[in-house]
Amino acid sequence: MNQTLLLVEDDHNLADGLLESLKDAGYECLYADCASKVADLWPNVDLVVLDRQLPEGDSLDYLNDWLLIKHVPVILLTAMVSVSDKVVGLDSGAKDYLTKPFAEEELLARIRLHLRSTSTEEVPVVNVISVGGIDIDLDSREVRQGSNVIILTRTEFELLVFLAKNSGRVFTRDELLDQVWGYNHYPTTRTVDTHILQLRQKLAGIEIETLRGVGYRMKSS
């Protein structure tokens, strides 16, 4: 039985070429050129090739909801090249990342890889970071403290994840700007201080230490 792919891409010239290549490789293909068409198609596919920028905005804003419909591998296509953009995309639930322009042969190879990985998975991986009495679910993007779900903004969540993954390590404000925001978009270090304060207020007991004159770190559990 052929596997079914969903291509979400608003550049119709690029989409036409990709769809032809995917069909030639033996895949059944569904296609959407905007976010509003995706949810109805998502339950019927085995893998999604997803353009990062859609007419409605950043596709990552919708990805978590789509993955709740059905958890399938997602390969992001994007013109964004910074490390922080890649980190945000992968932390949002995508399995892989291709920067435009790319070779179709590489995309096909990555599709084969992720479909093989999916077919051999026997036990689902629980992708959760536990630190300081909180649980951070990277797949659902939920933060739980006991039985309570803590509502964070997207940037608060990304900052929390970065610090939790690197607990015990000290980061300067400039390093946090570069890794979480992308330094060119937020030129003031006060942005970091504000978001650290918001995390401390929302997450009672979380230990994000201030090292005066240096930066911040999350204490290891």
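This is a predicted model: local features need pLDDT of at least 70, side-chain atom pairs count only at pLDDT 80 or more; totals for chains, interfaces and linings use all residues.
View 1. Residues are numbered from 1 along each chain as its sequence is written, and side-chain values use heavy atoms, with hydrogens and water left out. An α-helix has 3.6 residues a turn, so residues three or four places apart point the same way. The structure holds 3 aromatic pairs; in the one formed by Tyr62 and Trp66, the ring centres are 5.5 Å apart and the planes stand at 15 degrees, so the pair is stacked (rings of Phe, Tyr and Trp, the last by its six-membered ring, pair with centres within 6.5 Å, and planes under 30 degrees apart are stacked, over 60 edge-to-face, the rest tilted). Ring pairs also bring in Trp42, which forms a cluster with Tyr62 and Trp66.

**View 2. Ser21 in helix α1 (residues 12-24).** With a relative accessible area of 18%, Ser21 counts as buried. Once its neighbours within four places in sequence are left aside, Ser21 is in contact with Glu104 and Leu108 (contact means heavy atoms within 4.5 Å).

**View 3. The cis peptide bond between Lys100 and Pro101.** The omega angle of this bond is about -5 degrees, and Pro101 is found in the loop that lies between β7 (96-99) and α5 (104-120). Most residues other than glycine have a negative phi, and most peptide bonds are trans.

**View 4. The open sheet of 4 strands, in the order β8-β9-β10-β11.** Pairing in this sheet is antiparallel (two strands pair if DSSP finds at least two bridges between them), and its edge strands, β8 and β11 (148-150), each pair on one side only. Between β8 and β9, which run antiparallel, there are 4 bridges, and Val131 stands opposite Ile134 in β9. Helix α6 lies across β8, β9 and β10 (142-145), running at about 110 degrees to β9 (axes are lines fitted to C-alpha atoms, for helices over the stretch in contact, with angles from 0 to 180 degrees between N-to-C directions).

**View 5. The largest nonpolar core, of 28 residues.** Within this core, Ile136, Val143 and Leu160 touch the most other members (a nonpolar core is a set of buried Ala, Val, Leu, Ile, Met, Phe, Trp, Tyr and Cys residues joined through side-chain atoms within 4.5 Å). At least two core residues are supplied by each of β8 (128-131), β9 (134-137), α6 (154-165), α7 (173-181), α8 (190-202) and β14, and the largest share, 7 residues, comes from α6. Of the 12 residues of α6, 9 are buried, so this helix is largely enclosed by the rest of the structure; among the buried ones are Phe157, Leu160, Val161 and Phe162. Residues up to four places away in sequence not counted, Val143 touches, among others, Ile134, Ile136, Phe157, Leu160 and Leu203. In α7, Leu177 counts as buried at 0% relative accessibility, and its C-alpha atom is separated by 23 Å from that of Gly132, 45 residues apart along the chain.

**View 6. The hairpin of β13 and β14, with 3 residues between the strands.** Strand β13 (residues 208-211) pairs with strand β14 (residues 215-218) in the antiparallel sense over 4 bridges, and Tyr216 in β14 is the bridge partner of Thr210. In this hairpin, Gly213 takes a positive phi near 80 degrees.

Conventions:
Buried means under 20% relative accessible area, exposed over 50%, partly exposed in between (1.4 Å probe, protein chains only).
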